[in-house]
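Here are some notes to read with the structure open.

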Amino acid sequence: MRCRWFAAFAILSIVPAAQAAPADCTAKSGAGTAALVELYTSEGCSSCPPADEWLRKLPAAGFGPERVVPLALHVDYWDYIGWKDPFASPAFGARQRELAAISRARVVYTPQVMLGGRDYRGWSARARFADDVRATNARPARAELALSLREPQPGSFEVRASGSVPGREDRAEAVLYLAAYENGLSNRVTTGENRGVTLHHDFVVREWWGPIALDAAGGVELVRKVTARGVTNGGVAAFVQSRRTGEVLQALALPACS
């Protein structure tokens, strides 16, 4: 399949108790580490739809936001082969290459799944994935996160993300990321490798902020406005990651509040 590989730039059981309360629309991370799952995908890639479907079905398979924080990041580097992905951003390809450089990988590809900031080839093996998520959840979190959503005026939402890193050894390289994602998206592809196929997507990142550095005390706070569409049909997610190793210290999702 043509869209499998793309060269990277050379220089480049404790379960977390995260809870979302619809009444006040808040979430707070727990003692264990939630597993951040990033899917790098493209509507122009013929091998991507099975991975998109797998990500969509994670909650139904028992991987709720207290265990797994899924995000779909659509890349634009396959647009040239016939179909322009409407959900793609150059920023997501840049992030993918940055993570590849950290791990000294020579290529990036689609579909690529990253678990906790590292390339993960075992996503399609259900038992293996469940074991690896369980192991991630059992690790004590090295960061604390909180998310809140409010609607200061009709149709305008504000998200507040705050985090802290207690360990001094983790603070220097730790940064915060914040994303707004949307569910229930679909698109009929008319050209390219997926011509004639209607594709369905959940957890599609529509807005992205970061990296945001921590202060000297290991704390960080970020307030941003998000679109009503992204909030009501999806949610927001935050995570703290080491810029040196790529390791995710903690992740947190806040699904749409009713």
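1. Let's settle one term before we start: a residue is buried under 20% relative accessible area, exposed over 50%, and partly exposed in between. Arg-56, at 27% relative accessibility, therefore counts as partly exposed. Keep in mind throughout that this is a predicted model.

2. What does Arg-56 pair with? Its salt-bridge partner is Glu-53, and the closest N and O atoms are 2.7 Å apart. Glu-53 also counts as partly exposed, because its relative accessibility is 28%. Both residues belong to helix H1, where they are 3 residues apart, about one turn of the helix.

3. Arg-128 has 45% relative accessibility, so it counts as partly exposed. Asp-132 has 25%, so it is partly exposed as well. Then there is a network to look at: salt bridges that share partners join Glu-53, Arg-56, Lys-57 and Asp-202.

4. Which residue does Glu-98 form a salt bridge with? The partner is Arg-243, with the closest N and O atoms 3.4 Å apart. This pair links distant parts of the chain: Glu-98 is in helix H2 (residues 90-102), while Arg-243 is in the loop between strand S16 (234-242) and strand S17 (248-255), 145 residues apart. Glu-98 counts as partly exposed because its relative accessibility is 30%, and Arg-243 is partly exposed at 41%. Overall, the structure holds 14 salt bridges.

5. Now the rings. How many aromatic pairs are there? The count comes to 11. One of them is Phe-63 with Phe-129, an edge-to-face pair with 5.0 Å from centre to centre and 70° between the planes. Phe-63 lies in the loop between helix H1 (49-56) and strand S5 (68-74), and Phe-129 in helix H3 (residues 126-138), so the pair ties together parts that are 66 residues apart in sequence.

6. The charged end of Arg-95 sits over the ring of Tyr-177, 4.8 Å from the ring centre.

7. Back to helix H1, this time for its buried residues: these are Ala-51, Asp-52, Trp-54 and Leu-55. They cover an arc of only 160° around the axis, so they lie on the same side of H1. What covers them? The cover includes strand S4 (35-41), S5, strand S7 (112-115), H3 and strand S13 (198-201).

Conventions: Residues are numbered from 1 along each chain as its sequence is written. This is a predicted model: local features need pLDDT of at least 70, side-chain atom pairs count only at pLDDT 80 or more; totals for chains, interfaces and linings use all residues. Side-chain values use heavy atoms; hydrogens and water are left out. Rings of Phe, Tyr and Trp (its six-membered ring) pair if their centres lie within 6.5 Å; planes under 30 degrees apart count as stacked, over 60 as edge-to-face and the rest as tilted. Helices (H or I, at least four residues) and strands (E, at least two) are DSSP runs, numbered from the N terminus. A charge sits over a ring if NZ of Lys or CZ of Arg is within 6 Å of the ring centre and within 35 degrees of the ring normal. A salt bridge is a side-chain nitrogen of Lys or Arg within 4 Å of a carboxyl oxygen of Asp or Glu. Buried means under 20% relative accessible area, exposed over 50%, partly exposed in between (1.4 Å probe, protein chains only). The arc is that of the directions from the helix axis to the C-beta atoms. Contact means heavy atoms within 4.5 Å.
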